[in-house]
Amino acid sequence: MRLEDALSRPRQLPRGLLWAALVIALMAQAALRWTTGSMQTGSAAATTPLYISSGKLLRDLSLGYDGLLADIYWTRTVQYFGRERLSGHPRFDQLGPLLRITTTLDPHLIIAYRFGAIFLAEKPPGGAGRPAEALQLLRRGIVANPQYWRLWQDLGFIYYWDLHDYRAAARVFRAGSERPGAEIWMKTLAAAVAAKGGELRTSQVLWAQIYRATEDETVRKSALAHLEALEAAQELQELDKALAFYEKQTGHPASSFKDLVAAGLLRRMPRDPSGTPYMVAPDGKASLGPGSTIDLRLVH
Amino acid sequence: MIHRISSIARHTFKQSVRDKVLYNLIVFAFLLIAASILFGKISVDIQRIILVNLGLTAIAIFGLLIAIFIGISLVWREIDRRTLYNILSKPVARWEFVLGKYLGLLLTLLVNTAIMAAGFYLALFYQDRRFQAQDVASLEAIYFILLELALMVGVALFFSCISSLTLSAVFTFCVFIIGNLLADIRWFGSETHSALVSAITTFLYYLLPNFSLFNVIGSAAHGAPVAGYLLVSRSLYALLYAAILVSASILIFEERELQ
């Protein structure tokens, strides 16, 4: 190249080199982001704080697009609940505020009331153990959606299951049964709760209704766990009676259920709903066998 | 007269197409597909509600952005490029020019919204492999979005006639934000217990366009239909207010000295 040419031609940028630099810079920033991100995954990053806790303010800030914001907050609630449950030491401090924001942004988001109430009320570690907050949430839901009778069912359920206030539960089930479109079993349920509140069979009917009605997998699993625990509790009661009868007949306590099978009091070795054989505890009472997945704390 | 106005409207529409305004449809389609897949995986039981909320919000926001950014440059651009003098040297009245520009942008938004609405309904059908009776509510919400856009174009056009491009954008955004918070502003005014402040906020409440009247996306997501009297009264409100804005723009533009 002559000097004259070199001076007259505008200097070209080395494009290949620039592209390579661009790609490297992109990869470097991603690596940096990844490094700082993994440094944050300790307890500090586990829970994102609620910078704005007022649903009303958020609704104003959304400039009318509060429906979409409610969906985002609902998704955030679900993610928060799941993350806390898996954390091993759940606190659920933000569950109530998140649900309040979600339902203020969209007062007709029924799933938020129903899901929220169950998991606010459920005892730790499965839920937040705050039935009073669950009642508040459902009452707000009923005011915003007076035609939706299932919220009455949920309200009655919390009175029954978590607060053991059977009179209030019966009253709520009866009020719910009078809502338009309410199914007939709500009246039966009201009567059953009023007459036999606290009995395992009544609780079984309630959980079976929830199991049948829900389309949500998390709620379904929870209902199933409760149903299995209730079934096991009933079977343990029956097995205790059989053990007492055996002791009365033979004059000595049974060391295992094999003794009862041999005596013809049981047809086969009893198993709990998870398939694990029951055992006779050192105190002579029937109990769950080792490895059983049944959680009897759900019953009490 | 009608021929001249429609020519300007057609030209404005073609100009928008040439400016690749309709490219936003690709972003809309991508957003709708990606978000429905993402939210379907991480949320619980509200996939359809999310799709309706997201789809309708996207239709409204894309429309509003086009209305604002194209609206504020409707008149300014013709002056800046000096094409306005060419147009006005022909037998075209100034009011015909302004009205044609307004209708042209409305046509652009109508086509854009119609295509997005078709995509949105396609996504709804894809999700459940069928339509539901409550999907009619989304159509009503789209109609309300169009009314809102008609107002927004009017606001942008008005500021385009009296101010520079940047200031027009700022003013138009401000009117949109205030127009969504009018009820709160009036309430704040009454809470001050000052007769003067209360009177000012009440005056603003009745003077400025109330955009919150046109947002029914939340209820559409739950399939709640809009009452017939609301459809009529809000259509009349939008028509009346848009007519006021276009008339005010024409009056200002008629008085304006063009050099």
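Which residues of α13(A) are buried? The legends below take up this point and others in turn. The structure is a predicted model, in which local features require pLDDT of at least 70 and side-chain atom pairs count only at pLDDT 80 or more, whereas totals for chains, interfaces and linings use all residues. Residues are numbered from 1 along each chain as its sequence is written, with chains lettered from A and ligands numbered from 1 in the order in which they are written.

**Figure 1. Helix α13 of chain A and its covering elements.** The buried residues of α13(A) are Val219(A), Ser222(A), Ala223(A), His226(A), Glu228(A), Ala229(A), Leu230(A), Ala232(A), Leu236(A), Leu239(A) and Leu243(A). A residue is buried if 20 or more other C-beta atoms, placed from the backbone, lie within 10 Å of its own, exposed if 12 or fewer, and partly exposed in between. The cover over these residues includes α7, α12 (200-213), β1 (279-280) and β2 (286-287) of chain A. Helices (DSSP H or I, at least four residues) and strands (DSSP E, at least two) are numbered from the N terminus. Helix α13 comprises residues 217-250 of chain A; its 34 residues should span 50 Å at 1.5 Å a residue, and the end C-alpha atoms are 48 Å apart, which agrees. The expected span is 1.5 Å times one less than the number of residues. After α13(A) comes Gly251(A), with a positive phi near 85 degrees.

**Figure 2. Gly141(A) in helix α8 of chain A.** Helix α8 (residues 131-144) of chain A contains Gly141(A), which counts as buried because it has 26 C-beta neighbours inside 10 Å. Neighbours within four places in sequence aside, Gly141(A) is in contact with Thr103(A), Tyr113(A) and Leu151(A). Contact requires C-beta atoms, placed from the backbone, to lie within 7 Å.

**Figure 3. Leu63(A) and His164(A), two loop residues with positive phi.** Most residues other than glycine have a negative phi. Leu63(A), which is not a glycine, has a positive phi of about 50 degrees, and is found in the loop between α4 (55-61) and α5 of chain A. Leu63(A) counts as partly exposed because 19 C-beta neighbours lie inside 10 Å. For His164(A), phi is likewise positive, near 55 degrees. This histidine, His164(A), occupies the loop between α9 (150-161) and α10 (166-177) of chain A. His164(A) is exposed, with 11 other C-beta atoms within 10 Å.

**Figure 4. The side of chain A that touches chain B.** The contact takes 19 residues from chain A and 22 residues from chain B. Both α5 (66-86) and α7 (110-121) of chain A supply at least two residues each to the side of chain A that touches chain B. The most comes from α5(A), with eight residues. By class, this side of chain A has seven nonpolar, six polar and six charged residues. Here Ala, Val, Leu, Ile, Met, Phe, Trp, Tyr, Cys and Pro count as nonpolar, Asp, Glu, Lys and Arg as charged, and the others, Gly among them, as polar.

Figure 5. At least three residues of the core come from each of domain 1 (52-197) and domain 2 (233-298) of chain A, the domain bounds being taken from an automatic or database domain assignment. Residues up to four places away in sequence not counted, Met152(B) touches Leu64(B), Ala67(B), Ile68(B), Gly71(B) and Phe176(B).

**Figure 6. Helix α3 of chain B.** Helix α3 (residues 47-71) of chain B has 25 residues and reaches 35 Å from first C-alpha to last, close to the expected 36 Å. This helix, α3(B), is mostly covered, with 20 of its 25 residues buried. Chain B has twelve helices and zero strands. Buried residues make up 41% of its 259 residues.

Key: Contact = placed C-beta atoms within 7 Å.
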